Amino acid sequence: MRIQDMKMTKERAGEIAAVLSEALPYIQRFAGKTIVVKYGGNAMVDEQLKHSFARDIVLMKLVGMNPVVVHGGGPQIGQLLARIGKESKFIAGMRVTDEETMDVVEMVLGGLVNKQIVNLIHRNGGNAVGLTGKDGNLITARPLKIKRMNPDLDAPEIIDLGHVGEVEKVNTRVLDMLVEDDFIPVIAPVGVGKDGASYNINADLVAGKVAEALQAEKLMLLTNTPGLLDKAGNLLTGLDAHRVQQLIEDGTIYGGMLPKIQCALEAVEGGVHAAHIIDGRVPHAVMLEVFTDAGVGTLITAD
C-alpha cells in the first residue's frame, strides 16, 4: 500500500470514528425505545434510497432500538388499477374505494409492497415480519366520512368514500410479541371493521395511531419535501404544538402538508415524545435524524 493510500485510509477512519462518537449518546438514549417510521414517497421507489432506508432500520434494531415500519403504496395501487382498466377517483386527497378497489388495495399493500419491504430488510441483514391491520386484529377501523360544502344546498354534505377508514383502536399485543422476539414489524395500512369489512387507511394516520398506542419515543414521517417550510422557504424545526397551531392559522401550513402536521400533532399530544417530518429523498435520512445532531427535517414536540 502506498503512503498516499494509507493517508486516505486514516482520514476515512477518522471520519468514521467521529460519526460513531457523535452517534453514541443517541444510541444510549434511545436503546430499548420504540420508533415508528412511516415509509413512502421517493424513498420507496428509488433503488439507492430503498437500500439506505433498510440499512437504517436494521442498524436501529442492532443497537437496541425497536423500529416499527408502516408503509404506504398509493402509486402502486394506482398502477395496478390502471392496468385492469379501473379509473382512480379522489375526493379531498382520499381514494374512493369500492369493493373491487379494496381488493386491489389489499393485494398491493398487504401482498406485493409489504413483502417487498420485508425482503429488503432481510437482504440488508435484518429480521422482519409483514402484516396488515387485519392480522391479529391489529387495527380496528371505522368508515371515514368527510364533509364538504354543497353550494346548491348552502350546507355541508357528508361524502361516503366507500372502504376508506380511520383507526378506531390498535391492538398492540401482536406488535409487542414481535418486538420481544427481535423482529421488525412492517405494517400495511389496511384495517378491519367490527363487521369484518376491510378498510383502506391513510398510512400517516396509521403510523400516528400505532405510535400513540405503543407510546413510542418517536414518530418519523418520510416525505418528498425537506420538512416544514416557512413562507420564505426556510426549514422550520424545534416546533411545539402551540407554534404549529399558529402556523396553521396564518396559512404557512396548508395543502398536502396539513394532514401530516395534524397527524404529528395528535401523536405528540397522545404521548409520543417527538414527531419528525423528514426528507426521504436524502440517503440514510432516518439514520441522520436519529443518530446525528443536525437531523434532516422538522421536529415537533408537545407544549
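Residues are numbered from 1 along each chain as its sequence is written, and side-chain values use heavy atoms, with hydrogens and water left out. Because the model is predicted, local features need pLDDT of at least 70 and side-chain atom pairs count only at pLDDT 80 or more, while totals for chains, interfaces and linings use all residues.

The sheet comes first. Eight strands form an open sheet with mixed pairing, in the order β5-β8-β2-β1-β11-β15-β16-β14. Strands (E, at least two residues) and helices (H or I, at least four) are DSSP runs numbered from the N terminus, and two strands pair if DSSP finds at least two bridges between them. Strands of a sheet pair through backbone hydrogen bonds, either parallel or antiparallel. The edges are β5 (128-132) and β14 (239-240), each of which pairs on one side only.

Leucine 239 stands opposite isoleucine 300 of β16, and aspartate 240 stands opposite threonine 301 of β16.

β11 (218-223) is joined to β15 by six bridges in a parallel arrangement, with threonine 223 partnered by aspartate 279 in β15. β1 (34-39) is joined to β11 by four bridges, also running parallel; lysine 38 has leucine 221 of β11 as its bridge partner. β11 is mostly covered, with six of its six residues buried, where buried means under 20% relative accessible area, exposed over 50% and partly exposed in between (1.4 Å probe, protein chains only). Lys218, Met220 and Leu222 point one way from β11, Leu219, Leu221 and Thr223 point the other way, and all are buried. Helix α6 (residues 203-214) lies across β1, β2, β8 (184-188) and β11, running at about 175° to β1. Such angles run from 0 to 180 degrees between N-to-C directions, with axes as lines fitted to C-alpha atoms, for helices over the stretch in contact.

In an unreviewed UniProt entry, the annotation "binding site" covers Gly73, Gly74, Arg95 and Asn200. These residues are spread over 128 residues of sequence but cluster in space, with a largest C-alpha distance of 11.9 Å. Gly73, Gly74, Arg95 and Asn200 are in the lining of the largest pocket. UniProt annotations may be inferred rather than shown by experiment.

Glycine 73 is in the loop between β2 (66-71) and α3 (74-83). It is buried, at 8% relative accessible area. Leaving aside neighbours within four places in sequence, glycine 73 is in contact (heavy atoms within 4.5 Å) with Met44, Val108 and Leu109.

Arginine 95 lies in strand β4 (residues 94-95) and counts as buried at 10% relative accessibility. Not counting residues up to four places away in sequence, arginine 95 touches several residues, including Gly74, Ile77, Phe90, Thr101 and Leu161. Serine 88 is also among them, and its side chain makes a polar contact with the side chain of arginine 95 at 2.9 Å. A polar contact is a pair of N or O atoms within 3.5 Å; within protein, one must be able to donate a hydrogen and the other to accept it, and residues adjacent in sequence count only if both atoms are side-chain atoms.

Conventions: 1 Å grid on protein atoms, 1.4 Å probe; cavity = no way out; pocket = protein on both sides within 12 Å on 5 of 7 lines; lining within 4 Å.
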